[in-house]
Amino acid sequence: MTAAHPDILVLTRNLEDADHIRLAMNHDHPVRVLEEAGAFIEAAGTEPPELLLLDAALADSEAILDWSLREPALADRPVLILADVGHLDGALALVARGARDLLERPLDPRLLKIRLGNALALGQHQRLLRRIVAIDPVTGLGNRLRFDEYMDLEWRRNLRNHTDLALVLLGLDHFRTYEGRYGKGATEEALLRVGQALEGCILRAGDLVARLEDGTFAVVLPETDTIGAVAVAERMRAEVAALGIPHEDSRTEPTLTVSVGVFARTPDQPEGMADFQAEAERCLTQAKARGRNQVVFG
């Protein structure tokens, strides 16, 4: 039986491997076994599994291992190597390149269950730690690290799928002035309220709101064109204004406002993300130059 969203993805042409792994997991974790490298890469990149197993006997395993270690979607997904007891040299080389562990044939389902379970638990623990360090302590949103990782992930995914990607950059107007007048406590409370308002404007699980630094926020909107992104951006601008947070030293309004830059397009090359972000930054700069508290899109 093939799992639609497997926890464990296996590349092997050894049918006994598949039987032993499924027996060891006892349906606790769905297992999908593939025989071809191309199908394996497509499956792992589209629906990242919790754990990857590669057969050292297959010539493509080295290239797939290197790919998995570079692929942001597979960060902290352990890769284990399957190998025959009498042919460990190639398998040990894969472990040296970054694979997490080595499973020797013949596989014992009892030992296999323990070692796969340990690898799954370790991967989950590492992902939890990664999420913790990627959280902004003031707003509870993602921080710059989370934004950079997610932006890279979605750039690659939308490039692969030929779909639009939108980036919304928001800067609180006269933020330094606000911070100087009202102090750290009030500033953090304002940032928290603004972050909650921004997050309340997104409806899809795949959208990300992050605080980049000081009074700057970013919103990543996968599979969203310019019209859709501008609609979200305008809603966010209005929600921040509606908070009515006093800002007596603002040269724009007597309350805290936000300027917004929007840029959307279909990614067309892996190296184009920096230019994409720069266009969104230029739009934000124009919004500030034109009087602030407005949305400018490219």
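Between which helix and which strand is the loop that holds Arg292? Arg292 lies in the loop between helix H9 (273-289) and strand E10 (295-297). Helices (H or I, at least four residues) and strands (E, at least two) are DSSP runs here, numbered from the N terminus.

Good morning, colleagues. The model under discussion is predicted: local features need pLDDT of at least 70, side-chain atom pairs count only at pLDDT 80 or more, and totals for chains, interfaces and linings use all residues. Residues are numbered from 1 along each chain as its sequence is written, and side-chain values use heavy atoms, with hydrogens and water left out.

I begin with backbone geometry. Most residues other than glycine have a negative phi, and most peptide bonds are trans. Arg292 has a positive phi, near 70°, and is a residue other than glycine. Arg292 is partly exposed, with a relative accessible area of 23%; buried means under 20% relative accessible area, exposed over 50%, and partly exposed in between (1.4 Å probe, protein chains only). His174 is not a glycine either, and its phi is positive at about 55°. The loop that contains His174 runs between strand E6 (165-172) and helix H7 (175-199). Is His174 buried or exposed? His174 is buried, at a relative accessible area of 9%. The peptide bond between Arg105 and Pro106 is cis, with omega about 0°. Pro106 is placed in the loop between strand E5 (101-105) and helix H5 (109-133).

Two strands pair if DSSP finds at least two bridges between them. E1 runs parallel to strand E2 (residues 31-34), joined by four bridges, and Leu11 has Leu34 of E2 as its bridge partner. Four bridges also pair E1 with strand E3 (residues 51-55) in the parallel sense; there, the partner of Val10 is Leu53. E1, helix H1 (residues 15-25) and E2 make a right-handed β-α-β unit. A crossover is right-handed if, with the strands pointing away from the viewer, the path from the first strand over the helix to the second runs clockwise.

A second unit of this kind follows. Strand E4 (residues 79-84) pairs with E5 in the parallel sense over five bridges, and Leu82 is bridged to Leu103 in E5. With helix H4 (residues 89-97), E4 and E5 make a right-handed β-α-β unit.

Which residues of helix H2 (residues 37-46) are buried? They are Ala37, Phe40, Ala43, Ala44 and Gly45. The buried residues of H2 pack against E1, E2, E3, helix H3 (61-70) and helix H6 (144-161), where contact means heavy atoms within 4.5 Å.

I turn to the nonpolar cores. A nonpolar core is a set of buried Ala, Val, Leu, Ile, Met, Phe, Trp, Tyr and Cys residues joined through side-chain atoms within 4.5 Å. The largest has 30 residues, of which Leu170, Leu172 and Met236 touch the most other members. E6, H7, strand E8 (216-222), helix H8 (226-242) and E9 each supply at least two residues of this core. A second, separate core of 21 residues includes Ala37, Ala91, Leu94 and Leu102. Leaving aside residues up to four places away in sequence, the contacts of Leu170 include Leu198, Phe217, Met236, Val260 and Leu284.

Finally, the aromatic rings. The structure holds three aromatic pairs; rings of Phe, Tyr and Trp (its six-membered ring) pair if their centres lie within 6.5 Å, and planes under 30 degrees apart count as stacked, over 60 as edge-to-face and the rest as tilted. Why is the pair of Phe263 and Phe276 edge-to-face? The ring planes of Phe263 and Phe276 are at 65°, with the centres 5.4 Å apart, so this pair is edge-to-face. It links distant parts of the chain, with Phe263 in strand E9 (residues 258-265) and Phe276 in helix H9, 13 residues apart. Phe263 is buried at 12% relative accessibility, and Phe276 is buried at 0%. Trp155, Phe263 and Phe276 form one aromatic cluster.

The charged end of Arg181 sits over the ring of Tyr182, 5.6 Å from its centre; the criterion is NZ of Lys or CZ of Arg within 6 Å of the ring centre and within 35 degrees of the ring normal. Thank you.
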